Amino acid sequence: MRIVLHVWRQPSASAQGKMVRYEVPNVNEHMSFLEMLDVLNEDLIARNEDPVAFDHDCREGICGTCGCMVNGVAHGPLPGTTLCQLHMRHFEDGDELYLEPWRARAFPVIKDLVVDRGAFDRIIAAGGFISVATGSAPDGNAILTPKENAESAMDAAACIGCGACVAMCPNASAALFTGAKIAHLGLLPQGQPERAQRAIAMVAQAKLEGFGSCTNIGECEAVCPKEIKLEVIARMNRDFMRASLAGR
């Protein structure tokens with residue numbers, strides 16, 4: 001099949017960007033989206049042109065490194081899928097696709113489709129951990145945890161930090177990401193001692209990074225490749241409010 005791409009090209013954060021049109025002929029329907037971009041770049045390199053910069057690593061939907069807007073949708077049209085898991089069989093011959101980097105001031109463009117997601121790392125550093133002595137792994141049954149809590153914690157921990165939630169949110173809010181990181185620790189016994197401090201610190205860091213406020217539009221949940229639910233935001237808000245009131 002033949003695919004027409006309109007790709008955002010921006011050499012650096014300080015440079016002005018623009019959309020550039022490319023044609024990719026002979027696209028195999030079994031290619032992943034990133035493999036299709038590889039083919040485009042091979043052709044650009046053969047013509048002594050600058051290849052399109054895009055993030056990728058595992059290409060198995062695990063690491064959260066890949067991602068861009070495809071026709072205005074984070075990770076493309078297929079629900080519950082990262083960009084690297086999206087295959088070209090979901091498109092038609094002659095389709096025109098518009099590729100843009102994540103849309104958020106807190107994610108400045110590094111080059112083309114690559115953005116700096118270091119803000120997420122700083123939110124984690126602010127409190128997304130448990131302060132315990134390290135050593136050998138404890139017995140799995142040493143601390144009893146209700147099954148419902150364990151399952152909810154695992155669901156929240158599935159977040160891979162790709163940033164699609166921020167990119168799709170009209171407010172560029174990091175509430176789904178921050179809520180998932182707060183919830184998966186706050187639901188477990190090991191996370192209880194620092195639960196209040198964690199919520200205050202991580203929410204404050206998200207605000208400091210320049211992310212917007214959550215207004216419960218739900219676009220974040222709709223595009224999350226791991227289908228994290230909005231309930232993690234409710235848990236975050238509850239922990240934050242309790243901690244704030246207790247501190248008065």
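**Figure 1. Overview of the predicted chain.** Among contacts between residues at least 6 apart in sequence, 69% join residues at least 24 apart. The model shown here and in the following views is a predicted one. Eight helices and seven strands are found in the chain. Along its principal axes, the C-alpha trace spans about 60 × 40 × 35 Å. Of the 248 residues in the chain, 43% are buried.

**Figure 2. The open sheet of five strands.** The strands of this sheet follow the order β2-β1-β5-β3-β4, and their pairing is mixed. Strands β2 (18-24) and β4 (73-74) stand at the edges; each has a single partner strand, so one side of each is left without a neighbour in the sheet. Helix α1 (residues 33-46) packs on the sheet, where it touches β1 (3-9), β2, β3 and β5 (96-100). The direction of α1 makes about 95° with that of β2.

**Figure 3. Strand β5 and its partners.** Strands β1 and β5 run parallel and are joined by four bridges. Within this part of the sheet, V4 stands opposite E96 of β5. Strands β3 and β5, by contrast, run antiparallel and are joined by two bridges. Here V70 stands opposite L99 of β5.

**Figure 4. The pairing of β3 with β4.** Strand β3 (residues 69-70) pairs with β4 in the antiparallel sense, over two bridges. V70 has V73 as its bridge partner in β4.

**Figure 5. Surroundings of S32.** S32 lies in the loop between β2 and α1. This serine is buried: its relative accessible area is 6%, under the cut-off of 20%. When neighbours within four places in sequence are left aside, S32 is in contact with C84, L86, H87 and M88.

**Figure 6. R2, in the segment before β1.** R2 is found in the segment that precedes β1. With a relative accessible area of 34%, R2 is partly exposed. Not counting residues up to four places away in sequence, R2 touches R21, E23, V24 and P25, and also E92, D93, G94 and D95. The C-alpha atom of R2 is separated by 44 Å from that of I182, a residue 180 places away along the chain.

**Figure 7. Packing of helix α3 on helix α5.** Helix α3 (residues 147-157) and helix α5 (residues 175-186) pack at an angle of about 150°, and their axes are 8 Å apart. Because this angle is over 145 degrees, α3 is roughly antiparallel to α5. The crossing of the two helices is left-handed. Helix α3 contributes A153, A156 and A157 to the contact, and helix α5 contributes A180, A183 and H184. By class, five of the residues in this contact are nonpolar and one is polar, with no charged residues. An α-helix has 3.6 residues a turn, so residues three or four places apart point the same way.

**Figure 8. Packing of helix α6 on helix α8.** The angle between helix α6 (residues 195-208) and helix α8 (residues 231-246) is about 105°, with their axes 8 Å apart. The two helices are therefore roughly perpendicular to each other. On the side of α6, the contact involves R195, A196, A199, I200 and V203. These residues meet M236, R238, D239, F240, A243 and S244 in α8. The contact of α6 with α8 comprises seven nonpolar, one polar and three charged residues.

**Figure 9. Buried residues of helix α2.** In helix α2 (residues 118-127), the buried residues are G118, A119, F120, I123 and G127. They pack against three other helices, namely α4 (164-168), α5 and α6. Helix α5 also packs with α3, and helix α6 also packs with α8.

Terms used:
Residues are numbered from 1 along each chain as its sequence is written. This is a predicted model: local features need pLDDT of at least 70, side-chain atom pairs count only at pLDDT 80 or more; totals for chains, interfaces and linings use all residues. Side-chain values use heavy atoms; hydrogens and water are left out. Axes are lines fitted to C-alpha atoms, for helices over the stretch in contact, and angles run from 0 to 180 degrees between N-to-C directions. Angles under 35 degrees count as roughly parallel, over 145 as roughly antiparallel, 65 to 115 as roughly perpendicular and the rest as oblique. A crossing is left-handed if the near helix is turned anticlockwise from the far one by less than a right angle, and right-handed if clockwise. Contact means heavy atoms within 4.5 Å. Ala, Val, Leu, Ile, Met, Phe, Trp, Tyr, Cys and Pro count as nonpolar, Asp, Glu, Lys and Arg as charged, and the others, Gly among them, as polar. Two strands pair if DSSP finds at least two bridges between them. Buried means under 20% relative accessible area, exposed over 50%, partly exposed in between (1.4 Å probe, protein chains only).
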